[in-house]
Amino acid sequence: MNRARVLAAAVHEALASNKNEKNKMPMEAYMKHHFSFFGIKAPDRRLLCRPIWKEYRNIEEAERMEAAKLLFDMEERECHYAAIELLERGTKKTLPSAIDGYKQLLETKPWWDTVDPIASKLCGAFFLRYPDFLRPVTEEWSRSETMWLRRSSLLHQLRYKEKTDRDLLYHVIHELKEEREFFIEKAIGWALREYSKTAPEAVLLFVESHPLRPLSRREALKWMKAQGMLDV
């Protein structure tokens, strides 16, 4: 029997058996009714999935990706969150082909709540494991017609700190800084804000030297302002 299908079915059954109607409506409202929910909050979802992850801890990486895709095909958003958690558990063993799977998931029922962890956690870990992929994939996605891939291209290095490829980050921001799209403007500011925690002077120089949308600029300087590093 296909282990990926059995795993995905086990996750769905565990979640469906513990749906919470009281939580369901506010969770769907918070996500602007883009998705259906079982009404299971993150800590409870993790507890429900933990024995399943333990049972399938030795799953092959191709099966892990297949199971994640099957979970993303399911209606309820908690299944998509579980898929991301499943993939996070395999980041130290990812295959080069995983980046194609991540791209598919970024384009499957996309919204910030799945795109952001896929971009920053999964893709981010992938590029540290396979650094030769970072620049070509990031540049390709920054030119994509899919807005969520463009957002992702800004967030790949979100957790890199001193390992950040500054030239690449600035290049992608140059490519996208004229967009009048909230999720792109916000991501530019977020990426710069996180990098400012490692290189505040470099980020301040960049912000002061390049025209950015007001939201991007405000978000970029937020941490430095909170630290009292800027003249208010």
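Colleague: Leaving aside neighbours within four places in sequence, which residues is Glu-219 in contact with?

Modeller: Glu-219 is in contact with Lys-186, Gly-189, Trp-190 and Arg-193, where contact means heavy atoms within 4.5 Å. Before we go on: this is a predicted model, in which local features need pLDDT of at least 70 and side-chain atom pairs count only at pLDDT 80 or more, while totals for chains, interfaces and linings use all residues. Residues are numbered from 1 along each chain as its sequence is written, and side-chain values use heavy atoms, with hydrogens and water left out.

Colleague: Fine. Is Glu-219 buried or exposed?

Modeller: Buried, at a relative accessible area of 5%. Buried means under 20% relative accessible area, exposed over 50%, and partly exposed in between, with a 1.4 Å probe and protein chains only. Glu-219 sits in helix α13, residues 214–226. Helices are DSSP runs of H or I with at least four residues, numbered from the N terminus.

Colleague: Which side chain does Glu-219 make a polar contact with?

Modeller: That of Lys-222, at 3.0 Å. A polar contact is a pair of N or O atoms within 3.5 Å; within protein, one must be able to donate a hydrogen and the other to accept it, and residues adjacent in sequence count only if both atoms are side-chain atoms.

Colleague: And Glu-85, what does that touch?

Modeller: Not counting residues up to four places away in sequence, Glu-85 touches Arg-45, Arg-46 and Trp-53. Glu-85 is in helix α5 and is buried, with a relative accessible area of 13%.

Colleague: While we're on α5, at what angle does it cross α7?

Modeller: Roughly 0°, and the axes of α5 (residues 77–88) and α7 (residues 112–129) come within 11 Å. That makes the two helices roughly parallel, the word for angles under 35 degrees; over 145 is roughly antiparallel, 65 to 115 roughly perpendicular and the rest oblique. Axes are lines fitted to C-alpha atoms, for helices over the stretch in contact, and angles run from 0 to 180 degrees between N-to-C directions.

Colleague: What classes of residue make up that α5 and α7 contact?

Modeller: Six nonpolar, two polar and four charged. Ala, Val, Leu, Ile, Met, Phe, Trp, Tyr, Cys and Pro count as nonpolar, Asp, Glu, Lys and Arg as charged, and the others, Gly among them, as polar. The α5 side includes Tyr-81 and Ile-84, and the α7 side includes Pro-117 and Ile-118.

Colleague: Different topic. What covers the buried residues of α10?

Modeller: The cover includes α8 (134–142), α9 (147–155), α11 (182–196) and α12 (200–209). The buried residues in α10 (166–176) are Leu-168, Leu-169, Tyr-170, Val-172, Ile-173 and Leu-176.

Colleague: How do α8 and α10 pack?

Modeller: At an angle of about 10°, with their axes 10 Å apart, so they are roughly parallel to each other. By class, their contact divides into four nonpolar, three polar and four charged residues.

Colleague: What about Leu-134, buried or exposed?

Modeller: Leu-134, in α8, is buried at a relative accessible area of 11%. Beyond its neighbours within four places in sequence, its contacts include Phe-127, His-156, Tyr-160 and Leu-168. Leu-134 and His-156 are 22 residues apart in sequence and 8.4 Å apart in space, C-alpha to C-alpha.

Colleague: Last one: what's at the start of α10?

Modeller: There, a side-chain oxygen of Asp-165 reaches to within 3.3 Å of the backbone nitrogen of Asp-167.
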